[in-house]
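Subject: Handover of a two-chain structure

Dear colleague,

Please find the structure below, which I am passing to you for your further work. My findings follow after it.

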Amino acid sequence: MTPSAYTPAPRRRFNVGERVRVKVANPPGHRRTPSYIRGKEGAIERVCGCFPNPEELAYGFDGEPKRVLYRVRFKQQDVWSGYDALAEDFVELEIYEHWLDPA
Amino acid sequence: MSERNPADIGGEQDGPIDTVDHGLKFWEKQANALRNTLTSRKVVRLDELRRAAEDLGLRYYRLGYFERTTEALRNLLLEKGMLTRAELERKMAEVRRRYDP
């Protein structure tokens, strides 16, 4: 698969198709990764690019260094316990690199 | 575990969704205009406004959308020292007198 990026993200950790797991952490403050997806495993669907870190912008800082943003695809079955609809149902979230580990 | 922020409710049960378009009240249009002006001029950032709204804690749920975003903006401008409580109170008293002499 060809990696897509809206803005260049040359020094990124992950590429399209790679499996990742969202970090399990509950730090105080403005966090852009919803609780329900923490600890879940999915695959990189696209590389969105490199953006100022909103978790820093939220407190008036400049958001540097920029962070790579990915769209990550999760199976609904892997996200919700007891999900009994189609196995091909997905949910996609945009998640910053510092919230992701290799699965 | 730290307290979950009030906007982080994905997956939780909730009641029915009001799908009626209620339109915008005059003050809500003014609130949008002020917020858009301050974000487009980068006086405040959208991320700061979201954070200030989350900082309202349980009050976040008690307020309607425009009340919440306006209160967040007020708190942010006070935090940044763009205006003082005294200035704000003076202006609010002035405006109130126009309606309630």
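A residue is called buried here if 20 or more other C-beta atoms lie within 10 Å of its own, exposed if 12 or fewer, and partly exposed in between. By that rule, buried residues make up 15% of the 101 residues in chain B. Please bear in mind throughout that this is a predicted model.

Chain B as a whole

Chain B contains five helices and zero strands, and its elements run α-α-α-α-α from the N terminus on. Along its principal axes, the C-alpha trace of chain B spans about 45 × 35 × 25 Å. Of the contacts in chain B between residues at least 6 apart in sequence, 50% join residues that are at least 24 apart.

Helix 2 of chain B and its surroundings

Helix 2 of chain B, residues 46-54, is mostly covered, with seven of its nine residues buried. The buried residues are B:Asp47, B:Glu48, B:Leu49, B:Arg51, B:Ala52, B:Ala53 and B:Glu54. What do these buried residues of helix 2 of chain B pack against? Their partners are helix 1 of chain A together with helix 3 (59-62) and helix 4 of chain B.

The axes of helix 2 and helix 4 of chain B come within 8 Å and cross at roughly 105°. An angle of 65 to 115 degrees counts as roughly perpendicular, and helix 2 and helix 4 of chain B are therefore roughly perpendicular to each other. On the side of helix 2 of chain B, the contact involves B:Glu48, B:Leu49, B:Ala52 and B:Ala53. These meet B:Arg68, B:Thr69, B:Ala72, B:Leu73, B:Asn75 and B:Leu76 in helix 4 of chain B. By class, this contact has six nonpolar, two polar and two charged residues.

Helix 1 against helix 4 of chain B

Helix 4 of chain B (residues 65-79) also meets helix 1 of chain B (residues 26-40): their axes come within 10 Å and cross at roughly 40°. That angle makes helix 1 of chain B oblique to helix 4 of chain B. The crossing of these two helices of chain B is left-handed. Helix 1 of chain B contributes B:Glu28, B:Ala31 and B:Arg35 to the contact, while helix 4 of chain B contributes B:Phe66, B:Thr69, B:Thr70 and B:Leu73. The residues of this contact divide into three nonpolar, two polar and two charged.

Helix 5 of chain B

Is helix 5 of chain B covered, or does it lie largely in the open? Of its 15 residues, the number buried is zero, so helix 5 of chain B lies largely in the open. At 1.5 Å a residue, the 15 residues of this helix (residues 85-99) should span 21 Å, and the end C-alpha atoms are 21 Å apart, which agrees.

Two individual residues of chain B

B:Pro6 is found in the segment before helix 1 of chain B. With 16 other C-beta atoms within 10 Å, B:Pro6 is partly exposed. Leaving aside residues up to four places away in sequence, B:Pro6 touches B:Glu54, B:Gly57, B:Tyr60 and B:Tyr61. B:Pro6 and B:Leu58 are 52 residues apart along the chain, and their C-alpha atoms are separated by 7.0 Å.

B:Lys42 lies in the loop between helix 1 and helix 2 of chain B. Its phi is near 60°, a positive value in a residue other than glycine. B:Lys42 has 7 C-beta neighbours inside 10 Å and counts as exposed.

Chain A and the contact between the chains

In the contact between the chains, 12 residues of chain B are in contact with 13 residues of chain A. The side of chain B that touches chain A divides into one nonpolar, three polar and eight charged residues.

Within chain A, A:Glu92 lies in strand 4 (residues 90-96). A:Glu92 counts as exposed, with 12 C-beta neighbours inside 10 Å. Not counting residues up to four places away in sequence, A:Glu92 touches A:Glu45, A:Arg71, A:Val72 and A:Arg73. A:Glu92 and A:Val16 are 76 residues apart in sequence and 13 Å apart in space, C-alpha to C-alpha.

Finally, a cis peptide bond joins A:Glu64 and A:Pro65, with omega about -5°. A:Pro65 is found in the loop between helix 1 (54-57) and strand 3 (67-75) of chain A.

With kind regards

How values were computed: Residues are numbered from 1 along each chain as its sequence is written. Chains are lettered from A and ligands numbered from 1 in the order in which they are written. This is a predicted model: local features need pLDDT of at least 70, side-chain atom pairs count only at pLDDT 80 or more; totals for chains, interfaces and linings use all residues. Axes are lines fitted to C-alpha atoms, for helices over the stretch in contact, and angles run from 0 to 180 degrees between N-to-C directions. Helices (H or I, at least four residues) and strands (E, at least two) are DSSP runs, numbered from the N terminus. Angles under 35 degrees count as roughly parallel, over 145 as roughly antiparallel, 65 to 115 as roughly perpendicular and the rest as oblique. A crossing is left-handed if the near helix is turned anticlockwise from the far one by less than a right angle, and right-handed if clockwise. Two residues are in contact if their C-beta atoms, placed from the backbone, lie within 7 Å. Ala, Val, Leu, Ile, Met, Phe, Trp, Tyr, Cys and Pro count as nonpolar, Asp, Glu, Lys and Arg as charged, and the others, Gly among them, as polar. The expected span of a helix is 1.5 Å times one less than its number of residues.
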